[in-house]
Amino acid sequence: MAVLSRSVAPFRRSCCVGSIRRFCSGADSKLAAALRTGKPVEGRNVQWVFLGCPGVGKGTYAARLSNLLGVPHISTGDLVRQELSTPGPLSSQLAEIVKQGKLITDEIIIDLLSKRLEAGESKGETGFILDGFPRTIRQAEILEGVTDIDLVINLKLREEALIAKCLGRRMCSECGGNYNVACIDIKGKHGSPGMYMPPLLPPPHCESKLIMRADDTEDVVKERLRIYNELSLPVEEFYRSRGKLLEFDLPGGIPESWPKLLQALSLVDHEDDKKSAAA
């Protein structure tokens, strides 16, 4: 229970308004304001972060944990895609950045995240599982300066599987469902274990409506991975030095990885209790 006990313990640091203002400016101060709920920390939900290369499955596992723990899953990738679907200058700017596989600026990401947190607070949400933020050391420092993160889960997947997974991603243009047509079957060699990840196929009524993301080309995927790897090591070390980083190597697809992730998080009993309550 060591990881879970640490992750749900109320944070002990108080963060006064003055210190937040000194730490933040511009878009950063918006994030600070959105994270100040004024509620007692003893009663708050978990505040977790998912790290991992683009396409590793952060959204999938974060969404499952969100449902299991009853806390909102906030994906900056989803926030960007929502903004892209809204015509305007920011949408055009984001479209060009995404097309080139470049990293979206801190200012844009923080502004989008602040708006989402404010909207959640107005609905009474507490706690969160962040997916896609922070991606840079500056973002990590900003987040650390305005709230306390309990646990950072760093998902890892070997690169050949990651590229195949990204190229196999599909979305239903009608319902928005996410699927993957790639069947990844990597044979073990030189003492390294094999890996099998079956495709996540759509239901029949979605088959003819599948679309591929414009940025899921091999060149763009490789560029995204290069940029991520270049920037991620300092972020990983930032949380590792604070004793908050949980490294988790995905052993395969969801059926194999999900139970092992729950075990690593000491949440197996939690899922069993939820299943019993639903029965």
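**Helices of a predicted model**

Colleague: Which residues of α8 are buried?

Modeller: This is a predicted model, in which local features need pLDDT of at least 70, side-chain atom pairs count only at pLDDT 80 or more, and totals for chains, interfaces and linings use all residues. Residues are numbered from 1 along each chain as its sequence is written, and side-chain values use heavy atoms, with hydrogens and water left out. Buried means under 20% relative accessible area, with a 1.4 Å probe and protein chains only; helices are DSSP runs (H or I, at least four residues) numbered from the N terminus. In α8 the buried residues are Q139, A140, I142, L143, E144, G145 and V146.

Colleague: Why is helix α8 described as largely enclosed by the rest of the structure?

Modeller: Helix α8 covers residues 137-146. It is largely enclosed because, of its 10 residues, the number buried is 7.

Colleague: At what angle do the axes of α5 and α6 cross?

Modeller: Axes are lines fitted to C-alpha atoms, for helices over the stretch in contact, and angles run from 0 to 180 degrees between N-to-C directions. Helix α5 (residues 76-84) and helix α6 (residues 89-100) have axes that come within 8 Å. Their crossing angle is roughly 125 degrees.

Colleague: Which residues of α6 meet α5?

Modeller: Contact means heavy atoms within 4.5 Å. From α5, the residues taking part are V80, E83 and L84. Their partners in α6 are L90, S91, L94, A95 and V98.

Technical notes: Helices (H or I, at least four residues) and strands (E, at least two) are DSSP runs, numbered from the N terminus. Buried means under 20% relative accessible area, exposed over 50%, partly exposed in between (1.4 Å probe, protein chains only).
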